[in-house]
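Let's take a walk through this one together. Have the sequence and the model side by side, and follow along as the paragraphs go.

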Amino acid sequence: MRIGEAAAAAGTTPRALRLYEARGLLRPPPRTGSGQREYAPADVARVRVIRNLLALGLTLEDVRRRAHRLDLLVQDPAGSCDSRPGEFNGVVADRLATLDAEIARLTHLRRSLAAAAGGQDVTEHRTAGPCPAPGGR
């Protein structure tokens, strides 16, 4: 199938497929006589796995580091990293540590902002509508 069909089947765009190929996540597909990329169902399955990993919070670089092992997840999409000790655990552990650090940073930032606002939890007023006009109008 051509790039547009493959992208649609994988739930993405042709641009994403070209990016995955450029980053080494997807093997360069064979080309037709006119130079168009020709994707197989296995390529679409691999793109779905890549998109699932990205949706879980991994980065393109995280996935690229283990691109040579993505076929394990293509063959067994329901399998977890636990069933393949050492295959993805290092990448996942690194990403979890990064997320934990970002959560801690954002939590600190939120507390600082709330304190600067006089301790008022401004999230209570989110659904109250627009701010009143100056002068109470």
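Predicted model: local features only at pLDDT ≥ 70, side-chain atom pairs only at ≥ 80, totals over all residues.

Start with the overall layout. Of its 137 residues, 26% count as buried. As for how the chain meets itself, take the contacts between residues at least 6 apart in sequence: 48% of them join residues at least 24 apart.

Now to a pair of helices. Two packed helices are described by the angle between their axes and the distance between the axes. Here, helix 1 (residues 3-10) packs with helix 3 (residues 41-55) at an angle of about 45°, and their axes are 9 Å apart. That angle is why helix 1 counts as oblique to helix 3. If you care about handedness, the crossing of these two is right-handed. On the helix 1 side, the contact is made by A6, A9 and A10, while helix 3 brings in V44, V47, R48 and R51. Sort the residues of this contact by type and you find 5 nonpolar, no polar and 2 charged.

Next up is helix 2 (residues 14-22). Which of its residues are buried? They are A16, L17, Y20 and E21. Because these cover an arc of only 140° around the axis, they sit on the same side of helix 2.

E21 lies in helix 2, and its relative accessible area is 16%, which is why E21 counts as buried. Setting aside neighbours within four places in sequence, E21 is in contact with L26, P28, P29, R31, R37 and Y39. Finally, follow the chain out of the helix: just after helix 2, G24 takes a positive phi of about 85°.

Definitions and conventions. Residues numbered from 1 in each chain as written. Heavy atoms only, no water. Axes fitted to C-alpha atoms, helices over the stretch in contact; angles between N-to-C directions. Helix = DSSP H or I, 4+ residues; strand = E, 2+ residues; numbered from the N terminus. Parallel < 35°, antiparallel > 145°, perpendicular 65-115°, else oblique. Left-handed = near helix turned anticlockwise from the far one by under 90°. Contact = heavy atoms within 4.5 Å. Nonpolar A, V, L, I, M, F, W, Y, C, P; charged D, E, K, R; others polar. Buried < 20%, exposed > 50% of the residue type's maximum accessible area, 1.4 Å probe, protein only. Arc of directions from axis to C-beta.
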